[in-house]
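Hello,

Here is the structure I said I would pass on. My notes follow below it.

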Amino acid sequence: MTSIKKVGIMTGGGDCPGLNPVIRAVVRAGIRKHGWEIMGIEDAFQGLIDLDYCSPHGNRWLTEAHVSGILDRGGTILGTSNRSDPFKFAVTDPDGTRREADIFDQVLANYEALGLDALISIGGDGSMRIAQQCIERGMTNIVGVPKTIDNDLRCTDYTFGFNSAVQVATEAIDRLHDTACSHDRVIVVEVMGRDAGWIALHAGLAGGAHAILVPEIPYRIAPIVRKIRERRESGNPYSIIVVSEAARPQDGEQSTLGERELGAMQRFFGAAGRLAHRISEEIDLQIRHTVLGHIQRGGSPSAFDRILGTRFGEKAVELVSRGDFGKMVALRGTSVVGVPLAEAVDAQKLIVPDHDDLVQTARNIGIVFGDED
Ligand code: F6P
């Protein structure tokens, strides 16, 4: 087995609450149990693409002092990036042409120059896919740790960050109930989640929404307007509708913000505004919309995410120490285990409307999804 002495750790993709607890656990367990040197790599693969990259700290060897007092801090002390995919990196040619290039060889050379024996990559589906590609191209000693508010990674019951984001969205929906109720209004609240509707589904249920619109269930306006009317007729003059940023009408597309930028993901924009406008065309009521946006990604991690992040970090150290690479740590029931990275990145974990209990539960208590007859 490889003798492990120097381990790199990075956080990639969109930040979320719980990243710092993972970093803290890796540094503590790695140093205390194994005497490793642990290098914090700045801004995901940026720190390996360019060893002189320093924003704001640069790559650095982490001590327990660096991770003291960060358990309850949102964000990531290492910085992150969702534009540093070394297999699709945006470059500008001498003639000014912009294109996506494969610069993995540079990453591998820098990884070797730093003398790293292994890498712990904390990230979402994009980061796990990059980790798997690195393994396939010869940078084999990688263990993944699944984070994302979207909860869309397969093979793990939960990613950390999701619970905190749902809590933020639920609290926002609670507040919107108060003001919607006072003014007899319909309020449409947009949550994140990309192609997965998990945040909308969980926060919608926890926050007592009357309709929940998710990307996995394209909607029509008629059932939503019917729900609003039924509520009014039964003495509830206000309604709360939770909509995922990537939800789409049956007769339309997702609301996106222009063309995807090179080296970046497609951005979503306008789902709530569009929906509010379409409802207003059907019913004579005051309608408002609110976009929660990046508020869902900030703030102190929930107790659940602090514990999950700590368990994930400690497990990642165990897998590295055993030379059990090519794995992603995962929550299965109440156990934290290692699963093959290749399996985790095979497909996204999306809501399966006919199978997911929560959808049935919501339908059975009268919440509409916009696909009703
Ligand atoms: O994947 C996490 C996420 O917050 C998505 O829910 C959202 O679509 C995206 O990141 C936003 O990314 P950015 O930070 O680049 O705006």
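Leaving aside residues up to four places away in sequence, Glu343 touches Arg154 and Cys155. Contact here means heavy atoms within 4.5 Å. This is a predicted model, so local features need pLDDT of at least 70, side-chain atom pairs count only at pLDDT 80 or more, and totals for chains, interfaces and linings use all residues. Residues are numbered from 1 along each chain as its sequence is written, and side-chain values use heavy atoms, with hydrogens and water left out.

Glu343 sits in helix α10, residues 341-344. Helices (H or I, at least four residues) and strands (E, at least two) are DSSP runs, numbered from the N terminus. Glu343 counts as partly exposed because its relative accessibility is 40%. The classes are buried, under 20% relative accessible area, exposed, over 50%, and partly exposed in between (1.4 Å probe, protein chains only). Lys327 is 16 residues from Glu343 in sequence, and 9.3 Å away from C-alpha to C-alpha.

Next, the cavity. Its lining includes Arg154 and Ala344, along with Asp125, Arg129, Asp152, Leu153, Val345, Ala347 and Gln348. A cavity is a set of points, on a 1 Å grid over the protein atoms alone, where a 1.4 Å probe fits but cannot get out; lining residues have an atom within 4 Å of a point. The structure holds one cavity of 30 Å³ or more. A volume is the space filled by probe spheres set on the points, with grid points joined across faces, edges and corners.

Then strand β8, residues 186-191. Six of its six residues are buried. Val186, Val188 and Glu190 point one way; Ile187, Val189 and Val191 point the other. β8 pairs with β10 (residues 239-244) in the parallel sense, over six bridges. Two strands pair if DSSP finds at least two bridges between them. β8 also runs parallel to β11 (residues 287-291), joined by five bridges. Glu190 stands opposite Val243 in β10 and opposite Val291 in β11.

Last, helix α3, residues 104-113. Its buried residues are Phe104, Val107, Leu108, Asn110 and Tyr111. Seen down the helix axis, they fall within an arc of 165 degrees, so they line one face of α3. That arc is taken from the directions from the helix axis to the C-beta atoms. They pack against α2 (46-49), β6 (118-123) and α4 (125-136). The face turned away from the buried side carries the exposed residues Asp105, Glu112 and Ala113. Gly115 follows α3, with a positive phi near 75 degrees.

Best wishes

Note on methods:
On a 1 Å grid over the protein atoms alone, a cavity is a set of points where a 1.4 Å probe fits but cannot get out, and a pocket is an open set with protein on both sides within 12 Å along at least five of seven lines; lining residues have an atom within 4 Å of a point.
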